Amino acid sequence: MNRINQKLQEDKKLLSIYFTAGYPNINDTVSIIQDLEKNGVDMIEIGLPFSDPLADGPTIQASSTQALKNGMTTEVLFGQLKGIRQSVDIPLIIMGYFNPIFQYGVETFCKKCQEIGIDGLIIPDLPVDVYHEKYQAIFENYGLINVFLITPQTSDERIRYIDSISNGFIYMVSSASTTGAKVGFGDQQTQYFERIGNMNLNNPQIVGFGISNNQTFTQATQYAKGAIIGSAFVKYVTNEGVGSIKKFITGIKN
Amino acid sequence: MNYNVNEKGYYGEFGGAYIPEMLYPNVEELRQNYLKVMADPSFQKEFDQLLKDYVGRPSPLYFAKRLSEKYNTKIYLKREDLNHTGAHKINNTIGQILMAKRLGKHRIIAETGAGQHGVATATVCALMGLECIVYMGEIDIKRQAPNVARMKMLGATVVPALSGSRTLKDATNEAIRDWINNPVDTHYIIGSAIGPHPYPDMVTKFQSVISEEIKWQLKEHEGRENPDYVVACIGGGSNAAGTYYHYLHEDDVNIIAVEAAGLGVDSGESAATSVLGKEGIIHGCKTLLMQTNDGQITEPYSISAGLDYPGVGPMHAHLCKTGRAEFMAITDDEAMKSGLELCKLEGIIPAIESSHALAIFEQKTFKPDDVVVVSLSGRGDKDLNTYINYFNL
């Protein structure tokens with residue numbers, strides 16, 4: 001069974017952390033992953049940096065730009081991740097925009113992911129219908145779970161469709177925004193979380209966007225299986241360095 | 001061969017809507033409505049009326065006698081430079097502002113490079129009394145101060161794009177991000193024949209008035225609707241799309257697309273996407289774009305801000321791949337020389353973008369009785385500083 005599915009079966013709320021590969025320094029990738037697991041993170045999204053990250057706010061834009069300047073490429077990332085399964089057990093997901101994956105070759109990319117032990121992909125600008133028609137069979141062939149996003153504006157009908165072609169979890173974007181744009185949740189978000197909760201979807205939901213601390217993590221996971229922290233973590237690493245990851249994670253969990 | 005968009009939003013293998021889910025409701029709303037709205041007689045009437053009374057259409061099709069004599073062929077100029085705001089851009093912004101109103105949007109966003117599309121958007125927003133926010137790269141804001149002032153006078157808010165290379169590509173990213181953050185009340189007026197479906201098709205149809213007019217105007221001049229060649233410069237490709245549109249399926253009409261070679265196609269400072277680009281995804285569509293082997297989008301270069309874009313619209317990518325259009329590349333120097341030549345021979349100061357299209361007569365020989373229609377997409381007022389610096393005027 002895929003590590004993501006296994007993890008989703010655990011009787012706990014899941015904390016997933018996003019970081020940009022190659023940031024702050026090119027060789028931080030593996031030590032960040034190991035540190036996150038050691039400190040009790042349940043799942044990791046490894047950001048493959050892109051020159052034009054349309055869905056991201058300033059924090060992740062800046063980390064992506066810096067990572068590319070540091071020399072991060074798809075090939076370099078795969079090189080760094082080789083052997084990662086000797087030291088890390090939690091699910092690893094690569095999150096990246098479609099063009100670098102398309103240039104690498106979708107099938108080659110998926111094959112490489114399988115070899116390394118990557119469990120899933122999040123590709124925000126790969127449309128659901130294109131995935132379904134052209135790539136779903138390839139992803140499945142290499143044991144990869146593709147994770148789709150939904151937002152407060154996504155219609156029930158479309159959510160049902162996305163649920164039907166998902167086989168891991170649904171990434172529930174908390175509000176219509178780019179990453180890191182808003183912090184915290186209001187009534188609108190809780191209503192939306194409740195609405196989705198009441199749809200009894202096949203796939204559990206994990207909330208992303210707007211989660212930065214213990215309070216927002218607790219709020220989000222009241223309605224969902226887990227929550228993802230991205231910009232807040234990247235910002236923390238920018239300010240505090242990679243040496244104090246423990247402090248950040250402890251702060252979220254308690 | 002079909003050169004128009006298919007029902008799934010593709011031109012051959014190019015096009016589509018490669019957008020994050022956050023944009024899906026907005027783009028889908030537009031996709032479901034745009035053809036219906038455009039076909040509505042009341043929309044048509046309002047669009048045509050504004051093009052006539054406000055933009056000043058039809059724009060003349062002018063037989064350039066002295067230029068024709070010099071190159072020993074028959075050259076006609078489609079005078080989009082005479083439109084209100086000085087370029088073809090306004091054809092599209094008029095259409096899209098009417099579309100936005102019919103979709104109930106009251107906040108308008110746009111991207112701009114040189115500022116021509118920004119000015120054309122600010123203009124129609126003033127006309128309709130709608131809020132207007134224009135994203136413009138920080139570097140372009142410094143380079144194009146007069147257009148920034150124009151937009152402000154017209155009531156628009158100009159927001160500097162501070163990310164990436166701080167030029168057109170990044171201004172487009174910022175506009176898309178704004179749209180993600182404002183999913184209900186906002187319409188994004190994309191300025192070129194790019195972006196997720198249905199934008200390339202919608203922009204092309206609004207610009208197609210150019211070739212619609214060429215047909216009857218040429219009939220008056222030459223007794224035939226079809227020239228032997230239609231020629232236009234291409235950045236994203238909106239003036240080109242409009243110039244070609246009614247000729248795409250006329251086999252006797254040759255199509256020439258002129259890209260900016262910058263300092264030379266192989267110089268590393270170029271915007272000749274058809275030569276340097278590969279298939280990929282930019283700003284929501286699959287098309288040809290300039291990128292690294294690793295799929296990172298690279299920075300183009302051209303002396304002309306309007307051609308300084310790392311991709312081409314998906315329709316043009318298809319025209320290139322199928323061989324329907326002949327692509328030519330013109331350097332900064334060649335374009336500047338041809339721009340000055342048009343001033344001296346015809347008394348017309350062209351935009352540097354349009355000067356690229358004019359420069360093909362130095363590279364390619366036409367027959368004396370060939371009829372060649374060149375889209376003069378814009379006037380050169382905005383480029384005076386560049387002309388002054390280049391020629392030490």
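This is a predicted model: local features need pLDDT of at least 70, side-chain atom pairs count only at pLDDT 80 or more; totals for chains, interfaces and linings use all residues.
Residues are numbered from 1 along each chain as its sequence is written, chains are lettered from A in the order in which they are written, and side-chain values use heavy atoms, without hydrogens and water.

**Exercise 1.** State how much area chain A and chain B bury between them, and which three residues of chain A supply more than any other three.

Solution. 
1. Buried area is the accessible area (1.4 Å probe) that two parts lose on being put together, summed over both.
2. For chain A and chain B this comes to about 2800 Å², with 54% of it on carbon and sulfur atoms.
3. On the chain A side, Asp52(A), Leu54(A) and Gln103(A) supply 22% of the area buried against chain B, more than any other three residues.
4. Asp52(A) also forms a salt bridge with Lys169(B), with the closest N and O atoms 2.9 Å apart; a salt bridge is a side-chain nitrogen of Lys or Arg within 4 Å of a carboxyl oxygen of Asp or Glu.
5. Across this interface there are 3 salt bridges.

**Exercise 2.** Decide whether Asp81(B) is buried or exposed, and list the residues it touches.

Solution. 
1. Buried means under 20% relative accessible area, exposed over 50%, partly exposed in between (1.4 Å probe, protein chains only).
2. Asp81(B) has a relative accessible area of 3%, so Asp81(B) is buried.
3. Contact means heavy atoms within 4.5 Å. Leaving out residues up to four places away in sequence, Asp81(B) touches Gly86(B), Ile348(B), Leu376(B), Ser377(B), Gly378(B) and Arg379(B).
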